[in-house]
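I am opening my notebook on a new structure and want to write down what I look up, entry by entry.

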Amino acid sequence: MQEYVVNRPDADAMIRILQQNSHNAAGAILRLSWQAGLLRDEIQHLTWAQIDFLDQRIVLPDRSVPLPEELCAWLEALRDSRSRREEAVVLSDRDQRPLTPQSISRLARQALDREGQTAVRLIDLRHDFLLRQLEEHDWQYVSRITGVEAAALNAHFAEHLKEKKVSTRICREEIPSLDEFALWKLLQAEKSSPAGVTLWLTWQLGLRLEDIVALRWAQLEDGALRLEDRTIPLSGGVLAVLQELRDSTRPAPEDFILRAPRSGQPYDRTRLSKVVRAALVRGGLDNVTLRDLRLDCSIRSGGEGQVVAHLRRHGSITRAEAMELMHVSRTTAYNRLKQMVKRGKLTQVGAKYYLKDTVVPPERQRAVILDYLSKEGFAYRQDIARLLNIDPRQCRPILQKMIADGEIVQQRQRYVRKMEA
């Protein structure tokens, strides 16, 4: 396999080249490549309609590229100097017509050679843009604005970075809240692509990757999907996307539902995971995983209802109680409860969870307690528990923290505001 060569340009030389080509086609080509990371084909076909000056970005079919202020101002000045009759951004200096790919490469080559950048190719300017982004941002962001998948970032560009590795692990302190609108837009964009079908099957049916790669068309029957251990009714969205895929490929019943577009071979779990990961990054859902989508499906399809019913009967629930109720592990129970908190269904107070609006949320507890003490003069712990609508034992750490912070004092079994003591 041919070695992937990256020849980074000299930054000072590039600045001089841009200054020397401030009002011509070569300048536009070099700026779009070096400052926005566009490919030659994207430069050739770029139109003014794709440049959003209000939000300072270039909107391409597969991604959105943020525009540096300097480049945005340069492009705006270029647009204003035109007659507005030509839609293409890059035009020939001689006849003001769109350039061929060969002409784009030739103009870039000539401008680079004049400043001694003879080893630097047009594609190297995009590579340099990509490496500068990796030096400043995480891989998800770089993948989203360049369209380069994580595996390619690591394979081709890591050696040029100080750390010699592009970390493709998702690092997060807590489970992200699912932006359903962003996910819906991504599903509409992906339609019946392998990534789109996988996202539908995961989010709506809770299927795992190993189940999805093994699916055959024979398992789809009468609006349901037949698995070895169960039959799953399909929602209208899933059914429509599978029907669209089947109509476009005309497969035999024994064929796999998902096949690679080029080779026609069934996907393996690893490859499909990478395809979906790239789609999520493109859609701005950097921190969302397929596991998150399965969890969301699980909550919506039963776990949430069980928890809500329990809370209506008993008032509160702990992680251990949720684990027993839903017959899941402690980690899964914790994740489901946390998701319900993020979705605005529950309020967490200490180790217990309550239906939202049935208790005073933690961020308001101090203010509510202080207001009550100002009006009533004093309160017992049972009074505070009734005020907050929580278990009296949960009041102790709250009150102890307020004492330590000098907001209240304890007089035997009574609590009063410090200024009242």
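**Entry 1: the whole chain**

Among contacts in the protein chain between residues at least 6 apart in sequence, what percentage join residues at least 24 apart? I looked this up and found 58%, where a contact means heavy atoms within 4.5 Å.

I note that this is a predicted model, in which local features need pLDDT of at least 70 and side-chain atom pairs count only at pLDDT 80 or more, while totals for chains, interfaces and linings use all residues. Residues are numbered from 1 along each chain as its sequence is written, and side-chain values use heavy atoms, with hydrogens and water left out.

I looked up the elements next, and the protein chain has 19 helices and 12 strands; these are DSSP runs numbered from the N terminus, helices being H or I with at least four residues and strands E with at least two.

For the overall dimensions, I found that the C-alpha trace spans about 90 × 65 × 45 Å along its principal axes. The radius of gyration of the protein chain is 29 Å, whereas a compact globule of 421 residues would have one near 22 Å; the radius is taken over C-alpha atoms, and the globule rule is 2.2 Å times the number of residues to the power 0.38.

I also looked up the surface, and the protein chain exposes about 23,000 Å², of which carbon and sulfur atoms supply 47%; the areas come from the Shrake-Rupley method with a 1.4 Å probe, and for residues only the protein chains shown count as cover. Of the 421 residues, 45% count as buried, which here means under 20% relative accessible area, with exposed being over 50% and partly exposed in between (1.4 Å probe, protein chains only).

**Entry 2: a loop residue**

Is Gln35 buried or exposed? Gln35 lies in the loop between α2 (25-34) and α3 (40-45), and it counts as buried because its relative accessibility is 10%. Leaving aside neighbours within four places in sequence, I found Gln35 in contact with Leu18, Leu30, Pro68, Glu70, Leu71, Phe129 and Arg132.

In helix α7 (residues 139-146), 6 of the 8 residues are buried, so α7 is largely enclosed by the rest of the structure. Those buried residues are Trp139, Gln140, Val142, Ser143, Ile145 and Thr146, and what covers them includes β3 (64-66), α6 (122-136), α8 (150-157) and α13 (269-282). After α7 comes Gly147, with a positive phi near 80°.

Gly206 follows α10 and has a positive phi, near 75°.

For helix α16 (residues 330-342), I found that the 13 residues should span 18 Å, in agreement with end C-alpha atoms that lie 18 Å apart. The buried residues of α16 are Ala333, Asn335, Arg336, Leu337, Gln339 and Met340, and just after the helix Gly344 takes a positive phi of about 80°.

In what order do the strands β7, β8 and β9 form their open sheet? The order is β7-β9-β8, with antiparallel pairing, where two strands pair if DSSP finds at least two bridges between them. β7 (317-318) and β8 (346-349) stand at the edges with a single partner strand each, so one side of each has no neighbour in the sheet. β7 is joined to β9 (residues 352-355) by 2 bridges, and Ile317 stands opposite Tyr353 in β9.

Another open sheet of 3 strands has the order β10-β12-β11, again with antiparallel pairing. Its edges are β10 (379-380) and β11 (408-411), each with a single partner strand, so one side of each is left without a neighbour in the sheet. Helix α19 (residues 392-404) packs on this sheet, touching β11 and β12, and its direction makes about 115° with that of β11; axes are lines fitted to C-alpha atoms, for helices over the stretch in contact, and angles run from 0 to 180 degrees between N-to-C directions.

Within this sheet, β11 pairs with β12 (residues 414-417) over 4 bridges, and the bridge partner of Ile408 is Arg417, while that of Val409 is Val416. β11 and β12 form a hairpin with 2 residues between them, and Arg412 in the turn has a positive phi of about 60°. On the β10 side, 2 bridges pair β10 with β12, and Ala379 stands opposite Tyr415.

Conventions
Expected span 1.5 Å × (residues − 1).
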